[in-house]
Amino acid sequence: MGPPLLHSPTPSLRPLGALVLSSQYTSPDGYKSPWTLKQPWNFHVKLTLCRARWLKPVIPALWEAETGGSRGLALLLPPVTLAALVDSWLREDCPGLNYAALVSGAGPSQAVLWAKSPGVLAGRPFFDAIFTQLNCQVSWFLPEGSKLVPVARVAEVRGPAHSLLLGERVALNTLARCSGIASAAAAAVEAARGAGWTGHVAGTRKTTPGFRLVEKYGLLVGGAASHRYDLGGLVMVKDNHVVAAGGVEKQAVRAARQAADFALKVEVECSSLQEAVQAAEAGADLVLLDNFKPKELHPTAAVLKAQFPSVAVEASGGITLDNLPQFCGPHIDVISMGMLTQAAPALDFSLKLFAKEAAPVPKIHWS
């Protein structure tokens, strides 16, 4: 399995002509691949990485060498919050007696983590935290953000047999979900860049209760923006806020502007050009054009930008991987997609215990 660069089909990326492949590549995690990247690449890649942050999950080997990359994203996860999440997941799965532990016993064991579906690897910090809490050790063969080509040997886990099996399902669920979201995010960013658009592909607050940290992290590994993490990250005036406040211009936006003060931006959801202009005049930093058809979206955004060049325009509502290119345009700054967290299919991973050094490769059951 080679570095993800080899699996990046976006035409706009191919002119990175200074990249040269040779016989071996060793990842920052010690995984050896049959490919590598040789000099001269620094100038071209550094320049491109500065101009196109979305490249970081597509070329993790280069990005990590330069900045710490997707592995560096783990620094965003507060240790106390991460430990509390892991504790709650394990308690949910085993709140009482674990009868199966009597079957497996507590002898030293090892297991291989296999990826059985294609996509982007994401969620290593959560996987690590789960098994660390159970006194197990994880050794990774692939860096975070790698493009997975099945069947791929991703990691090994060692520890007491009953602990490995206690963490198995929780760890697999978390990794599968996070990797699925990263894969969807990477596909969306690739589609946007393929259309020649350079704005931000973003997620939304449409996340699974209790699982937001994992899902927002997956978006980042996939190269998308996470959008606001919670209600305190941005003052967003939605349609129901406007109704409750009695209007866009005089009530809702001004109240939001006062609440935001200097520390937060204000975004206003609008359903027409008239509302968008009112919101911009009242001091909105961003205008959300929600549920606009592409043929209505782009003229509306053009008129708004002509009058208010500093106001950012976000498009959202009904946007999928298939129709995403239709929403890309020169006057759109952000495209947010709820489906990245709501509809992303989980990747297929398995954790197989083995008694000898040669771990059996699992079979793939194609549906």
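Guide: Axes here are lines fitted to C-alpha atoms, for helices over the stretch in contact, and angles run from 0 to 180 degrees between N-to-C directions. Helices (H or I, at least four residues) and strands (E, at least two) are DSSP runs numbered from the N terminus. The model is predicted: local features need pLDDT of at least 70, side-chain atom pairs count only at pLDDT 80 or more, and totals for chains, interfaces and linings use all residues. Residues are numbered from 1 along each chain as its sequence is written, and side-chain values use heavy atoms, without hydrogens and water.

Start with the helices. H11 (residues 273-281) packs with H12 (residues 294-307) at about 25°, the axes 10 Å apart. H11 and H12 are therefore roughly parallel (angles under 35 degrees). Their crossing is right-handed (the near helix is turned clockwise from the far one by less than a right angle). H11 brings Leu273, Ala276, Val277 and Ala280 to the contact; H12 brings Thr300, Val303, Leu304 and Gln307. Contact means heavy atoms within 4.5 Å. By class, six of these residues are nonpolar, two polar and none charged (Ala, Val, Leu, Ile, Met, Phe, Trp, Tyr, Cys and Pro are nonpolar; Asp, Glu, Lys and Arg charged; the others, Gly among them, polar).

Now the sheet. It is open, with six strands in the order S10-S15-S14-S13-S12-S11 and parallel pairing. Two strands pair if DSSP finds at least two bridges between them. S10 (200-202) and S11 (235-237) are the edges; each has a single partner strand, so one side of each lacks a neighbour in the sheet. The twist averages 20° from one strand to the next. S12 (residues 266-270) and S13 (residues 286-290) pair in the parallel sense over four bridges. Cysteine 270 has leucine 289 of S13 as its bridge partner. H12 packs on this sheet, touching S13 and S14 (312-316), and its direction makes about 165° with that of S14.

Methods:
Angles under 35 degrees count as roughly parallel, over 145 as roughly antiparallel, 65 to 115 as roughly perpendicular and the rest as oblique.
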